[in-house]
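Please look over the sequence and the structure shown here before reading on. The briefing below is meant for a reader who has not seen them before.

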Amino acid sequence: MSPEKTGPAAVIVLAAGAGTRMKSRTPKILHEIGGRSLVGHALHAARTIRPQELALVVRHERDLVADHIAAVDPDALIVDQDDIPGTGRAVEAALDALDARHPRALLSGTVVVTYGDVPLLTGELLAELVASHEAGRNAVTVLTAVLDDATGYGRILRAADGSVTGIREHKDATDTEREIREINSGIYAFDAAVLRDALAHVTTDNAQGEKYLTDVLGLARAAGGRVAAVVTEDRWQVEGANDRVQLSALGAELNRRTVEAWMRAGVTVVDPATTWIDATVTLETDVRLLPNIQLHGTTTVARDAVVGPDTTLSDVLVGEGAKVVRTHGSGAVIGAKASVGPFTYLRPGTVLGETGKIGAFYETKNVTIGRGSKLSHLGYAGDAEIGEDTNIGCGNITANYDGEKKHRTVIGSGVRTGSNTVFVAPVQVGDGAYSGAGAVIRRDVPPGALVLSLAKQQNSEGWVLTNRPDSISASLAQASGATITSSSTPASTEEG
């Protein structure tokens, strides 16, 4: 047994349902909250307890679901449920597939069964379930929850010694039984041998024509096994997402817990109500998050950095002490003590060096910006490399696309560019070079050179009086001494 797999013999995740109440072309378990799909959360919790085997039972949109699972957890065993309906049959199919992987000895030990649509279930609660199951040497241990309103849920029936005698569905319960607030979550720990034997005796002889997993409890108890329960008062951990309303509620609760956990870990969150943090995000101590921000994917924020307000970052690395304000960024790196924003768009491949700056109304893409360099306002830098301590003037752009192909611009260190400079790629600007305002750079610029694009200025005096005689501009110009001259008439149009 590898050191990574020191937990139960197996975890089986049931993920075959159609989820019709979601009313979506996307399978229910592939809907996302907190940066992971529902089934992704289930896989994460399952892997936390380090099972020796992990299997998922699929059916609805089988290929789509299987592809997603393979991407999220390539080592998970994907099992197809056949035409026999019911959770009992789904678990039986998984157990058969797991047994087939061990032809010399059937799977033995603890088997945990959970679901692909219970995203707030934690590995810690699963570990508690397994520990209680194994310490009590139980045949079955069921995870239960206590609800204020248990309407619609199966009730847990107990004997005088506290052991579980059965589960009564709400529609079959007596008035007395309906007063019970402890409900069945559908999440279990089984002894593998007990589970295998009981499933062989479970039938579909019921109103629904399904093979119920709940029938295993009665069969195990009848065979002399002990059936026990682990109770959680945290109902959210056993709450499933059956429609968009429940999905939204679970997403909000997951985010509330995520934000609170980061605050307790040393992150300042000014307005938790408007702060959304994916479960996959990493934050260091003394990070400060201002209102109206969303941090998604693999975003990492180093200590003393300030993010927000009004900022969305996906898969962005923010360095120590950096400041990011009113910015939308994805796939970017922001160096230590650098500043970004406001109203900045960082596209994938943007790398801003330490103490650098990307300022207001700037868009960047696939660009490396050296230490201390500044792109302060109103520009675009794409497919470019910029050296250290360079200042890019207002309104500069890299013209990187010729209509067919993208080309790179390379700007050296210590460069100073005038306003509205255009770099027509491919082009290189040497270290220490300058450009004048409005320069259009089509050829390489040597180090230390000044590049200018000059055109003679022409003034047509009195043009407004001649061509806009009734405008306010004409009135003001005339009051300031403007007169009509021979150069005021419109230029003729030459044909040729």
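The notes below cover a strand and its neighbours, a helix, and contacts that involve aromatic rings.

This is a predicted model. Strand E4, at residues 53-58, is largely enclosed by the rest of the structure, because six of its six residues are buried. Helix H3, at residues 87-100, is mostly covered.

**Strand E4 and its neighbours**

- Both faces of E4 are covered. Glu53, Ala55 and Val57 are buried on one side, and Leu54, Leu56 and Val58 are buried on the other.
- Strand E1, at residues 10-15, runs parallel to E4 and is joined to it by six bridges. Within this pairing, Val13 has Leu56 of E4 as its bridge partner.
- E4 also runs parallel to strand E5, at residues 77-80, and four bridges join the two. Here Leu56 stands opposite Ile78 of E5.
- A right-handed β-α-β unit is made by E4, helix H2 (residues 62-72) and E5.

**Helix H3**

- H3 has 14 residues, which at 1.5 Å a residue should span 20 Å. The C-alpha atoms at its ends are 20 Å apart, so the model agrees with that expectation.
- Ten of the 14 residues of H3 are buried. They are Gly88, Arg89, Ala90, Val91, Glu92, Ala93, Ala94, Leu95, Leu98 and Asp99.
- These buried residues pack against E1, E4 and E5, and also against strand E6 (110-115) and helix H6 (192-201).
- An α-helix has 3.6 residues a turn, so residues three or four places apart point the same way.

**Aromatic pairs**

- Two aromatic pairs turn up in a search of the whole structure.
- The rings of Phe343 and Phe361 have centres 5.1 Å apart and planes at 20 degrees, so this pair is stacked.

**Charges over rings**

- Arg235 has its charged end over the ring of Trp236, 4.2 Å from the ring centre.
- Lys406 lies over the face of Tyr401, and the distance to the ring centre is 5.8 Å.

Conventions:
Residues are numbered from 1 along each chain as its sequence is written. This is a predicted model: local features need pLDDT of at least 70, side-chain atom pairs count only at pLDDT 80 or more; totals for chains, interfaces and linings use all residues. Side-chain values use heavy atoms; hydrogens and water are left out. Buried means under 20% relative accessible area, exposed over 50%, partly exposed in between (1.4 Å probe, protein chains only). Two strands pair if DSSP finds at least two bridges between them. A crossover is right-handed if, with the strands pointing away from the viewer, the path from the first strand over the helix to the second runs clockwise. The expected span of a helix is 1.5 Å times one less than its number of residues. Contact means heavy atoms within 4.5 Å. Rings of Phe, Tyr and Trp (its six-membered ring) pair if their centres lie within 6.5 Å; planes under 30 degrees apart count as stacked, over 60 as edge-to-face and the rest as tilted. A charge sits over a ring if NZ of Lys or CZ of Arg is within 6 Å of the ring centre and within 35 degrees of the ring normal.
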